[in-house]
Amino acid sequence: MTGDGVRAERIDPSRPHPARIYDYLLGGKDHYEVDRRAGDELAAAAPEVRIGLRANRAFLQRAVRHLVADEGVRQIIDIGTGLPTSPNVHEVAHEVASDVRVAYVDNDPIVKTHGDALLTSGGTTSIVLGDLRDPQAVLGHPEIREAIDFDRPIALLLVAVVHFLTDADEPWQIIATLRDALPPGSFLALSHATGDFADRTAAQAVYSKATASLNLRTRAEIERLFDGFDLIDPGLSQAPFWRPDAPPPAGSEQIGFYGGVARKLG
């Protein structure tokens with residue numbers, strides 16, 4: 001537990017961490033040698049992994065632009081944000097509307113430290129320690145309540161994070177808890193790794209040595225995560241094919257990420 005009562009991961013530089021592996025594979029600089037080794041092993045096991053992570057990041061940026069520009073959303077909660085990689089969610093959102101408020105949530109103290117140093121945007125952006133596995137604590141966090149008005153539409157981002165929850169964590173119930181707290185007119189943007197297009201056993205083995213396992217799910221299992229939401233066009237798609245703004249990169253058919261954006265029903 002942290003000083004504010006939120007469960008957080010302990011920093012363990014001896015084991016690779018998903019956020020730091022992700023940072024390394026995206027060309028960032030906030031990682032340890034153990035993360036670089038894991039990233040290289042992952043890239044050797046799945047050579048398209050870097051393309052896939054970039055496609056996932058591009059999906060996030062397109063989803064945010066759509067939510068802000070086309071749906072008029074002015075509040076975003078990004079859970080499992082990971083290490084800051086520019087352009088960040090708030091940077092993308094503020095290109096469209098400077099008044100968008102963004103609350104980042106992550107359970108890694110390293111992410112929080114970097115966020116405190118970098119995610120400053122005129123009081124409209126904040127970052128808190130919180131764990132997706134404890135959605136009530138996230139929803140009740142005083143800084144979340146200060147930053148976000150739960151009487152106005154909210155965009156909830158769960159991008160490349162739910163696949164680090166096991167079935168025993170009950171991800172469907174976790175998302176239902178978050179959904180029920182969202183006001184009418186809110187949205188969910190979610191991406192999730194899958195083994196539908198290629199064997200990812202070797203990639204899972206890399207994460208089995210990390211601080212969180214990689215739990216691949218099928219299209220049908222991922223669609224269940226959107227229960228209580230109405231997927232907007234084009235529905236749940238491979239990440240590069242969700243409203244692309246440029247020709248998808250070569251090899252996109254093998255990219256093992258689904259992505260979708262959905263409106264809360266009711």
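1. The C-alpha atoms fill a box of roughly 45 × 40 × 35 Å along the principal axes.

2. This is a predicted model, in which local features need pLDDT of at least 70 and side-chain atom pairs count only at pLDDT 80 or more, while totals for chains, interfaces and linings use all residues. Residues are numbered from 1 along each chain as its sequence is written, and side-chain values use heavy atoms, with hydrogens and water left out.

3. The protein chain has 10 helices and eight strands, these being DSSP runs numbered from the N terminus (helices H or I, at least four residues; strands E, at least two). Of the contacts in the protein chain with a separation of 6 or more, 71% are accounted for by residues 24 or more positions apart, where contact means heavy atoms within 4.5 Å.

4. Buried residues make up 55% of the 266 residues in the protein chain; buried means under 20% relative accessible area, exposed over 50%, and partly exposed in between, with a 1.4 Å probe and protein chains only.

5. The structure holds 11 salt bridges, each defined as a side-chain nitrogen of Lys or Arg within 4 Å of a carboxyl oxygen of Asp or Glu. One of them joins Glu 41 and Lys 209, whose closest N and O atoms are 3.1 Å apart. This pair links distant parts of the chain, since Glu 41 belongs to helix α2 (residues 33-45) and Lys 209 to the loop between α9 (201-207) and α10 (219-224), 168 residues apart. Glu 41 is partly exposed at 37% relative accessibility, and Lys 209 is partly exposed at 46%.

6. Glu 71 and Arg 263 also meet in a salt bridge, at 3.2 Å from N to O. Because Glu 71 lies in the loop between α3 (49-70) and β1 (75-79) and Arg 263 in strand β8 (residues 257-264), the pair ties together parts that are 192 residues apart in sequence. Glu 71 is partly exposed, at 26%, and Arg 263 is partly exposed, at 31%.

7. Arg 133 and Asp 131 form a salt bridge at 2.7 Å, N to O; here Arg 133 counts as partly exposed at 33% relative accessibility, whereas Asp 131 counts as buried at 4%. Elsewhere, salt bridges that share partners join Glu 33, Arg 36 and Arg 37 into one network.
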